[in-house]
Amino acid sequence: MIDTRRLRTLRAVADHGTVTAAAAALHLTPSAVSQQLVALEHEVGHRLFTRDGRGVRLTAVGRIMLSHANEVLAQLERAEAEVAAYATGEAGEVTVACFATAISAVLSPAIAALRATSPGVRVRVLDAEGDHSLTMLLDGEVDLAIAVEYGGAPDAADRRLSRLPLYAEPFDVVLPAGHPLAESATLTALAEETWIGPYPGNPVHDVITFACRQAGFTPDLRHCSDDFRAVVALVGAGSGVALVPRLALRDMALPGVVVRRTPGPERRVFAAVRRGADARPLLRPLLAALRTVAESLGTD
């Protein structure tokens with residue numbers, strides 16, 4: 001009989017690429033993770049990983065086992081959800097990983113709505129960029145993630161996750177007041193400008209660089225901050241220009257800058273839970289509240 005804890009270890013090592021990183025995610029020692037993998041290989045009768053530089057990669061048998069592990073773990077999530085449903089699940093805590101703009105735009109209003117409809121449901125919020133929140137979800141650190149589409153993200157067909165699309169958000173050009181292109185800014189016209197934006201690895205960085213390349217240039221991203229208030233402040237100081245998600249600009253003081261809408265990129269925001277867990281009683285009212293808030297959200 002294969003131990004399901006070893007299947008979780010298999011998935012963590014496959015997701016993170018190294019025993020050390022998987023151990024940190026699972027709150028185990030690297031030695032304990034290695035022992036779990038060795039035991040699983042004995043149970044299966046085949047090697048599951050091979051060395052790949054400083055990390056490891058799945059063998060053909062390892063890929064087969066990972067596919068079945070995802071199915072088994074999803075089924076366990078369903079079993080836990082059904083048991084929880086039997087117990088009604090009217091009270092408890094849900095932990096959510098979410099990036100700052102979506103906390104303001106959809107998560108906070110959803111939490112406020114839950115106080116009236118499901119007062120026993122408590123929501124614990126962890127501020128996490130969209131690329132980190134999905135990893136936290138798959139590692140079991142949170143129950144729900146609000147994330148964005150980005151290069152390298154698990155796609156909609158990923159069998160580990162169930163996704164709920166929330167909203168699509170355009171980006172606006174932010175320029176210093178008095179900029180020569182303030183009245184007619186297009187991405188192509190800003191090709192020679194100094195740019196301000198998030199650090200590489202932030203999904204918004206990927207969106208901005210891709211949009212600029214589509215317009216025929218690589219942006220000179222000389223100033224970096226993951227805080228959009230800091231980005232706008234730097235634009236106001238005359239340090240460069242920026243593309244900023246529209247909702248991040250909502251209710252923000254904008255001294256010394258002009259904001260122009262221009263055809264360009266957008267980021268698609270979605271909620272995700274581990275596959276099989278979307279029937280959990282504690283998750284259902286929060287997912288419903290998020291859907292309602294997102295449907296009423298204006299990004300025009």
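Which residues in H5 meet which residues in H10? From H5 they are Ala-105, Val-106, Leu-107, Pro-109, Ala-110 and Leu-114, and their partners in H10 are Pro-285, Leu-286, Ala-289, Leu-290, Val-293 and Ala-294. By class, this contact of H5 with H10 holds 12 nonpolar, no polar and no charged residues. The structure is a predicted model.

**Helix pairs**

Two packed helices are described by the angle between their axes and the distance between the axes.

| Helix pair | Angle between axes | Distance between axes |
|---|---|---|
| H5 and H10 | about 125 degrees | 8 Å |
| H1 and H2 | about 125 degrees | 8 Å |
| H2 and H3 | about 105 degrees | 8 Å |

With an angle of about 125 degrees, H5 and H10 are oblique to each other, and their crossing is right-handed.

The residues of the contact of H1 with H2 comprise six nonpolar, two polar and no charged.

H2 also packs with helix H3, residues 30-44. Angles of 65 to 115 degrees count as roughly perpendicular, so H2 and H3 fall in that class. H2 contributes Val-19, Thr-20, Ala-23 and Leu-26 to the contact, while H3 contributes Pro-30, Val-33, Ser-34 and Leu-37. This contact of H2 with H3 has six nonpolar, two polar and no charged residues.

In soluble globular proteins, nonpolar side chains tend to be buried together. Here the largest nonpolar core has 33 residues, and those with the most contacts inside it are Val-106, Leu-144, Ile-146, Tyr-167 and Leu-290. Two or more residues each come from strand S3 (92-98), helix H5 (100-117), strand S5 (144-148), strand S6 (161-176), strand S11 (266-274) and helix H10 (283-295). H5 gives the largest share of this core, eight residues. Val-106 and Leu-290, listed among the residues with the most contacts inside the core, also take part in the contact between H5 and H10.

Tyr-167 touches Phe-99, Ala-102, Ala-105, Val-106, Leu-247, Arg-267, Arg-268, Val-269 and Leu-297, leaving out residues up to four places away in sequence. A second, separate core has 29 residues, including Phe-171, Val-173, Ala-211 and Val-235.

In sequence Glu-295 and Tyr-167 are 128 residues apart, but from C-alpha to C-alpha they are 7.7 Å apart in space.

Arg-275 is in the loop between S11 and H10. Its relative accessibility is 18%, under the 20% limit, so Arg-275 counts as buried. With neighbours within four places in sequence set aside, Arg-275 is in contact with Glu-71, Ala-74, Glu-77, Arg-78, Arg-159, Arg-160, Leu-161 and Ser-162.

Technical notes:
Residues are numbered from 1 along each chain as its sequence is written. This is a predicted model: local features need pLDDT of at least 70, side-chain atom pairs count only at pLDDT 80 or more; totals for chains, interfaces and linings use all residues. Side-chain values use heavy atoms; hydrogens and water are left out. A nonpolar core is a set of buried Ala, Val, Leu, Ile, Met, Phe, Trp, Tyr and Cys residues joined through side-chain atoms within 4.5 Å. Buried means under 20% relative accessible area, exposed over 50%, partly exposed in between (1.4 Å probe, protein chains only). Helices (H or I, at least four residues) and strands (E, at least two) are DSSP runs, numbered from the N terminus. Contact means heavy atoms within 4.5 Å. Axes are lines fitted to C-alpha atoms, for helices over the stretch in contact, and angles run from 0 to 180 degrees between N-to-C directions. Angles under 35 degrees count as roughly parallel, over 145 as roughly antiparallel, 65 to 115 as roughly perpendicular and the rest as oblique. A crossing is left-handed if the near helix is turned anticlockwise from the far one by less than a right angle, and right-handed if clockwise. Ala, Val, Leu, Ile, Met, Phe, Trp, Tyr, Cys and Pro count as nonpolar, Asp, Glu, Lys and Arg as charged, and the others, Gly among them, as polar.
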